[in-house]
Structures are given as structure tokens and as C-alpha cells.
Amino acid sequence: MTVHYDDIQAYAAAYTSPESDLLATINQETHTTLPGAQMLSGHLQGQVLMAFAKMIRPASILEIGTYTGYATLCLAEGLTEEGVLHTIDSDVRLRERILQYFSQHKRGKQIAVHTGKVLDILPQLSRTFDLVFIDADKKNYLTYYESVLAKLNPNGWIIIDNVLWKGKVLHEAGDDKLTKAMMDFNNHIKNDSRVVHVLFPVRDGLMVVRKK
Ligand SMILES: C[S@@+](CC[C@H](N)C(=O)[O-])C[C@H]1O[C@@H](n2cnc3c(N)ncnc32)[C@H](O)[C@@H]1O
């Protein structure tokens, strides 16, 4: 019997709790008004991120790549009462939209929105983190990973999106630089003795890393 990956993902989504009304609105408005809506984490992955955040109960979260704030709000569900979530995106056109979405969420006041390039904002963040979600600018994943690992508390977690890269990591990369970068990134983590890690085949692949 051959089972197709998309069918497994659809079945998993069907047996996963539904999105909140706010998440459903963000999902729907993103798809009807913006290009690149496939970037949004979406129902299944959003609920997975929410589950991780609720298990970890972080006091400090960093998200690299806000887009329309879908994953931000999923992660924020796990924040402690006094916790803070920092999220970074370079697209200034998204800022008002995400602030408006965040204002409708119970943890909205605990979210700090940074508009600018990751490499400009990261050095300005002096605090350490319990949970980091890396989801922007795939060619710089290795740089972001090393930068945030230095800011991660012991036993802190990093979740990295798109590590399956639409299945392209299973084959020779050839001249495809982004596929090669993702393969190199996955190998870097595999050989990194500072961490333990597990690759979840959810949507486009989530690498879940814990700092020893
Ligand atoms: C995949 S989307 C993020 C999706 C979001 N985390 C979610 O799950 O709904 C990637 C975002 O990263 C932003 N981005 C890309 N390169 C960036 C950079 N160098 N610095 C900051 N943001 C960047 C893009 O503007 C885009 O909104």
C-alpha cells in the first residue's frame, strides 16, 4: 500500500483541534489579501507549535519571521503570565496588520514586534530565551541558529521550520543552492554535540532542538 504524504497531513489535521476564531481570521485574510500565504504555518503546524509552547511554558520566546503573526499567536499561548515574546520581520507593510491582530489576543501586550532585518535586530536583544522559532530567510539559517543558540538558556528549545524543503533534501541538490544550504544545515545539527534534536515530519518539516 502506498500512502501519500499530503493525505497523512490532511488526516492529521482532521484529527487535530480546530483553530481559534482569531487564527482562522488571520489564516483566511492572509490567503485572500497577501502574496506568499503558503508561508503561514497554518492549522496543523500552528497547533503543533502551540502544543510545544504549552509543554515548555517559556518565560521568553523569540520568533524569526513574523509574517502575519499566525505562529506568533500559537507560540504566545504557552507564555507564562509575565512572559515576553519577541518577533522579528523586515516587512514594514505587515506591521500595522499584525499589531491589530495581536491586540485581539490575551497575550498581545506581551508581544514585542521588531521591524527590521534579523541580523540588525538580534544584537539589540540582550536577553536570553527559553524557546526560539526560526522561520525566515533559509539561506541564513546556519547564522541564525548559531546566533540564537548563544542566547538560548540551558535546556532551552529551538524549532526550525521547512527543514524538509518540500522533500528536496532527500535527493542530490545539484546546482540548487537553497536545497544545498538546507542539507548542510540539517547535517550541521546532526553533528552538533551541544544539542539533542528530533525532526518532525509535520508539513514541511520541523527540526526540534534542545540545548544540553
Ligand atoms: C515563512 S514567513 C514567516 C511565517 C510565520 N512564522 C508563520 O508561521 O506564520 C517568513 C517571513 O520572514 C521575513 N523575512 C525574510 N527575510 C528576513 C530577514 N532577513 N529579516 C527579517 N525578516 C525576514 C519575511 O518578510 C516573511 O514575512
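Where in the structure is the place of Asn-155? In this predicted model, Asn-155 belongs to strand 5. The phi angle of Asn-155 is near 65°, a positive value in a residue other than glycine. Most residues other than glycine have a negative phi. Asn-155 counts as exposed because 10 other C-beta atoms lie within 10 Å of its own, and a residue is exposed if that number is 12 or fewer.

A positive phi is also found at Arg-57, where the angle is about 50° although the residue is not a glycine. Arg-57 is placed in the loop between helix 3 (42-56) and strand 1. With 12 other C-beta atoms within 10 Å, Arg-57 is exposed.

Strand 5, which spans residues 152-161, pairs with strand 4 in the parallel sense, and five bridges connect the two strands. Within this pairing, Leu-131 stands opposite Trp-157 in strand 5.

The loop between strand 4 (129-134) and helix 7 (141-150) contains Lys-138. This residue is buried because 20 other C-beta atoms lie within 10 Å of its own, and the cut-off for a buried residue is 20 or more. When neighbours within four places in sequence are left aside, Lys-138 is in contact with Asn-162, Leu-178, Ala-181 and Met-182. Pro-201 lies 63 residues from Lys-138 along the chain, and the C-alpha atoms of the two residues are separated by 18 Å.

The surroundings of the ligand were also examined. The ligand is surrounded by 16 residues, of which the closest are Ser-41, Gly-65, Tyr-67, Ala-71 and Ala-136. Two or more residues of this shell are given by each of helix 4 (70-76) and strand 2 (84-89). By class, the shell around the ligand consists of eight nonpolar, three polar and five charged residues.

Technical notes
Residues numbered from 1 in each chain as written. Predicted model: local features only at pLDDT ≥ 70, side-chain atom pairs only at ≥ 80, totals over all residues. Helix = DSSP H or I, 4+ residues; strand = E, 2+ residues; numbered from the N terminus. Contact = placed C-beta atoms within 7 Å. Near = placed C-beta within 6 Å. Nonpolar A, V, L, I, M, F, W, Y, C, P; charged D, E, K, R; others polar. Pairing = 2+ DSSP bridges.
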